[in-house]
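Here is a short report on one protein model. Look at the sequence and the fold before reading on.

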Amino acid sequence: MTKTELREALASRLDFTKADAKRAIDETLDIIKESLAKGEKVTLTGFGTFEVRHRKARMGRNPQTGAPLHIPATDYPAFKAGKNLKEAVE
């Protein structure tokens with residue numbers, strides 16, 4: 001499902017205009033992004049949890065030359081599915 005398909009499904013289920021549905025989806029995603037940027041978790045009970053995880057710095061290898069290289073530490077967004085979502089998919 002694409003974002004456009006999601007917008008259309010939301011508009012038809014809630015009797016919204018497509019513009020209202022698009023704005024609701026965009027604002028929801030912006031709130032999640034802003035919260036993650038602050039380092040906060042976003043928990044949607046029954047759906048899942050969005051969080052920022054940390055990956056330590058490590059040594060890697062250039063696949064073309066085989067030369068070792070330093071890979072810096074980084075933070076990355078992660079999602080853990082909730083129980084209800086897992087059950088719905090099974």
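How many residues apart in helix 2 are lysine 33 and aspartate 30, and about how many helical turns separate them? They are 3 residues apart, so about one helical turn lies between them.

## Ground rules

This is a predicted model, in which local features need pLDDT of at least 70 and side-chain atom pairs count only at pLDDT 80 or more, while totals for chains, interfaces and linings use all residues. Residues are numbered from 1 along each chain as its sequence is written, and side-chain values use heavy atoms, with hydrogens and water left out.

Helices (H or I, at least four residues) and strands (E, at least two) are DSSP runs, numbered from the N terminus.

## A pair within helix 2

Side chains of opposite charge can pair when their charged atoms come close. The structure holds 7 salt bridges. A salt bridge is a side-chain nitrogen of Lys or Arg within 4 Å of a carboxyl oxygen of Asp or Glu.

One of them joins lysine 33 to aspartate 30, with the closest N and O atoms 3.5 Å apart. Lysine 33 is exposed, because its relative accessible area is 53%. Aspartate 30 is partly exposed at 29%. The cut-offs are these: buried means under 20% relative accessible area, exposed means over 50%, and partly exposed falls in between (1.4 Å probe, protein chains only).

## Glutamate 51 and its partners

Glutamate 51 sits in strand 2, which covers residues 48-55. Its relative accessibility is 17%, so glutamate 51 counts as buried. Which residues does glutamate 51 contact, leaving aside neighbours within four places in sequence? They are Leu36, Lys41, Tyr76, Pro77 and Ala78. Contact here means heavy atoms within 4.5 Å.

Lysine 41 also forms a salt bridge with glutamate 51, at 3.6 Å from N to O. Lysine 41 lies in the loop between helix 2 and strand 1 (42-44), and glutamate 51 lies in strand 2, so the pair ties together parts that are 10 residues apart in sequence. Lysine 41 is exposed, at 57% relative accessibility.

Arginine 53 makes a salt bridge with glutamate 51 as well, at 3.0 Å from N to O. Arginine 53 is partly exposed, with a relative accessible area of 32%. Elsewhere, salt bridges that share partners join Lys3, Lys22 and Asp26 into one network.

## Isoleucine 25

Isoleucine 25 belongs to helix 2, residues 18-37. Is isoleucine 25 buried or exposed? Isoleucine 25 is buried, because its relative accessible area is 10%.

Not counting residues up to four places away in sequence, isoleucine 25 touches Lys3, Leu6, Arg7 and Leu10. Take leucine 10: in sequence, isoleucine 25 and leucine 10 are 15 residues apart. In space, their C-alpha atoms are 8.9 Å apart.

## The largest pocket

Rolling a probe the size of a water molecule over the atoms shows where empty space is left. On a 1 Å grid over the protein atoms alone, a pocket is an open set of points where a 1.4 Å probe fits, with protein on both sides within 12 Å along at least five of seven lines; lining residues have an atom within 4 Å of a point.

The largest pocket has a volume of about 230 Å³. Its lining includes Leu6, Ile25, Lys33 and Phe47. Helix 2 gives the largest share of that lining, 6 residues. By class, the lining has 7 nonpolar, 1 polar and 1 charged residues. Ala, Val, Leu, Ile, Met, Phe, Trp, Tyr, Cys and Pro count as nonpolar, Asp, Glu, Lys and Arg as charged, and the others, Gly among them, as polar.

Terms used
Grid points are joined across faces, edges and corners, and a volume is the space filled by probe spheres set on the points.
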